[in-house]
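Dear colleague,

Please find the structure below, handed over for your records.

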Amino acid sequence: MLTTIISVFVGVTLVCLAVLLNVRSLRRALISRRIFATYKRILPQMSDTEREALEAGTVWWDGELFRGNPDWNKLLAYPVPKLNAEEQSFMDNEVEHACALVDDWQVTNELYDLSPEAWRYIKDKGFLGMIIPKRYGGLEFSAYAHSQVVTKLSTRCSALSVSVMVPNSLGPAELLLHYGTEAQKNYYLPRLAKGIEVPAFALTSPWAGSDAGSIPDVGIVCRGLWQGKEVVGMRVTWDKRYITLGPVCTILGLAFHLYDPDGLLGSKKHMGITCALVPRDTPGADIGRRHQPLNAMFMNGPTRGKEVFMPLDYVIGGPAMVGQGWRMLMESLAAGRSISLPASNAGMAQLTARTVGAYARVRSQFRMAIGRFEGVEEPLTRIGAYTYMMDAVRKMTAGAVDLGEKPSVVSAIAKYHVTERARQVVNDGMDIVGGKGICLGPSNFIGRAYQQLPIGITVEGANILTRSMILFGQGAIRCHPYVLKEMKSAYNEDAEQGLRDFDEAFFGHAGYTIKHGFGALAKGLTGSHFVSVPDNVAPETKRYYQQLTRFSSAFAFLADISMLVLGGELKRREKLSARLGDILSMLYLCSATLKRYESEGRQQADAPLMHWAMWDTMYQAQMAFDGVIANFPVRWIARFLNRIVFPLGHPYDVPSDRIGHQVAKLLIEPSASRDRLTAETYLPKGENEAVGAVELALLATIEAEPIEARIRAAEKSGALADNPEANVRDLAHAAFAAGIVTAAEYALLKRRNELRDIVIRVDDFPHDLGRSRQQPLVHKAAA
């Protein structure tokens, strides 16, 4: 009897609960209304600039990763970006010639600028108008072509690459294309395309820094005289710094807050951030002097103006776009983050992989190439695998832009992680090169890259800010299928409609969280072995897809629990938010790496690069999970999360030394894999160029190694014991004199020694370090 009563009670309770949850009007009245009121009370206030930043851009593959069950067929179906015939010809000819025109040492230590010939060439050949449509005289290149060009130029000289990438990135041309009036487009775009106008964009103010929404620069709507007539215009005061191409620009894009105290444009007093185009010769505009960004020597400097009057026609888009500047900037920022910075830093990584790998084979100690030492193999492995992954991210993200996406979260991931990995790659390169790397001079092929790395880390949103506030803070809202809907419902002025929208989103969100909690646990208990993946992936990558799906599901659950428990407090817990952003980022980096491996035809010779990069990044994702759980403020929930995410312990440890050895080996000898890894590196011919010399020395070293092995065997046997020349430097001559090597072999060894000495030499200078403009005194190669 008691059992029957309990059964009836449970049944009635479940029926009532089912009715309550499924009859929406009843659910809204009894449950959702109270939750909605609490939600609106605890939801942190959001400024207009924050809201516009969140709503800017598009959600792309990041949305799939955030939803916990990525559709890998969708990833594999994304078209692989390719150059068309015109773009390939430009790479093979104009880009090659532009690189040949520039000597980095001359630029950074003698001219402090590109040569007049180089400036003229990049203007005349359309480098500054790659993104401008052909109908305006531009090249109309794809985002991928833009990325390829900047990558290659970056392997030659940062001043060259930056001078090209800035006009094609966030600046007047980009903003005019999307928002300019027809008159503005017709006048400025042809002039920008041909280099008649040199653009710069002024956003950053001394007191705002990375908080660009807080710029103190102000414009006041007023009446004034313009070209002899009284017109409604703006009196603008600004003080900007870090403006790339500012010192040489002829047209300045300017962002400022615009106010209309007298109501000349309407009732609204604060019109919002506005973007204007200001010709250099506008009365009162002070272009200023120049900064010196870590000896990179691209033009960069401050600009100022005090109550400079300009007509409303200077506003990009005309009077209709007054106050729309922040949205314009946020929607266009993806170009700089998606293309320019990943490209320039990937270029530095390619140069490092190419030159340092060769140097590690040419340079020997203890009678063995230093690249064969396990201690050196470790940084060589990072250089190779990170370069492979960085380039995968660069290409996939540029491809998204060509698909019409404006991937705000993905572009931030690409910017942050490519620049950070470039820092690691070049630092590792410096460790291997050692003393040669720390002495600047014409023969130093890595010193300037090391010196200038912090520039990419700092610009387009400092990396600390990007990691701690954007990757997850923006990603959680933009990519999540329900969070943005919940937030919008709270801001809805129609309270009842807001409640209905919230009810739908909230209960959808609850089901989503529960589903991924159970999914993460199930995948953890089964080691993700039963996760379905596409049949057409490479067999050697199947487990990565399965484990990425598991991590995506766990991330979705962890992110939801974090937002549920911490609410608005999560915004202030930047270290926790940063680690959640790390997980999302690692999933994206792995996705790009797998996409590259498939799109390049599953090159088995490149598999060690892919495997090490994947394993290392999955391990880092695992550590990020640990970081969130270990620091979760509610400890009993943290223990619960650990049981869900890692029910059987950690699936990953550090990458294998065996695979690392294979990666390092790829860098120290010529191969198709090495060529693919460093495909965009500019390779000058001849031993008078630092990069050319190390390329020649590598080939000569490999050719000489069998002969050297024979000499060492003779030395060990005592065949050279009585020869006074049998020392490290003169061993080849002694072997020749003893008849151990032929004349042809001796000539080959002498040539190898000449090239080796060119590669390992260090430049020296007069005591005044060249202030007298003397040429550097360079040691001659030993015979």
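The second largest pocket is lined by 26 residues, and Ser364, Glu708, Arg712, Arg752 and Arg756 are those nearest its centre. A pocket here is an open set of points on a 1 Å grid over the protein atoms alone, where a 1.4 Å probe fits, with protein on both sides within 12 Å along at least five of seven lines; lining residues have an atom within 4 Å of a point. The model is a predicted one: local features need pLDDT of at least 70 and side-chain atom pairs pLDDT 80 or more, while totals for chains, interfaces and linings use all residues. Residues are numbered from 1 along each chain as its sequence is written, and side-chain values use heavy atoms, without hydrogens or water.

The volume of this second largest pocket is about 700 Å³ (the space filled by probe spheres set on the points, which are joined across faces, edges and corners). At least two lining residues come from each of helix H14 (334-362), strand E8 (368-369), helix H30 (690-717), helix H31 (731-737) and helix H32 (743-760). Helices (H or I, at least four residues) and strands (E, at least two) are DSSP runs numbered from the N terminus. The lining comprises 11 nonpolar, 3 polar and 12 charged residues; Ala, Val, Leu, Ile, Met, Phe, Trp, Tyr, Cys and Pro count as nonpolar, Asp, Glu, Lys and Arg as charged, and the others, Gly among them, as polar.

Turning to helix packing, H15 (residues 374-402) and H26 (residues 607-630) pack at about 90 degrees with axes 8 Å apart. Axes are lines fitted to C-alpha atoms over the stretch in contact, and angles run from 0 to 180 degrees between N-to-C directions. H15 and H26 are therefore roughly perpendicular (angles under 35 degrees count as roughly parallel, over 145 as roughly antiparallel, 65 to 115 as roughly perpendicular and the rest as oblique). Their contact (heavy atoms within 4.5 Å) includes Tyr386 and Met389 of H15 and Trp612 and Asp616 of H26. It divides into 8 nonpolar, 4 polar and 2 charged residues.

H26 also packs with H28 (residues 657-667): their axes come within 9 Å and cross at roughly 130 degrees, so the two helices are oblique to each other. Pro608, Leu609, His611 and Trp612 in H26 meet Ile659, Gly660, Gln662, Val663 and Leu666 in H28. This contact has 6 nonpolar, 3 polar and no charged residues.

Finally, H23 (residues 542-566) and H25 (residues 574-599) pack at about 160 degrees, with axes 11 Å apart, which makes H23 roughly antiparallel to H25.

Yours sincerely
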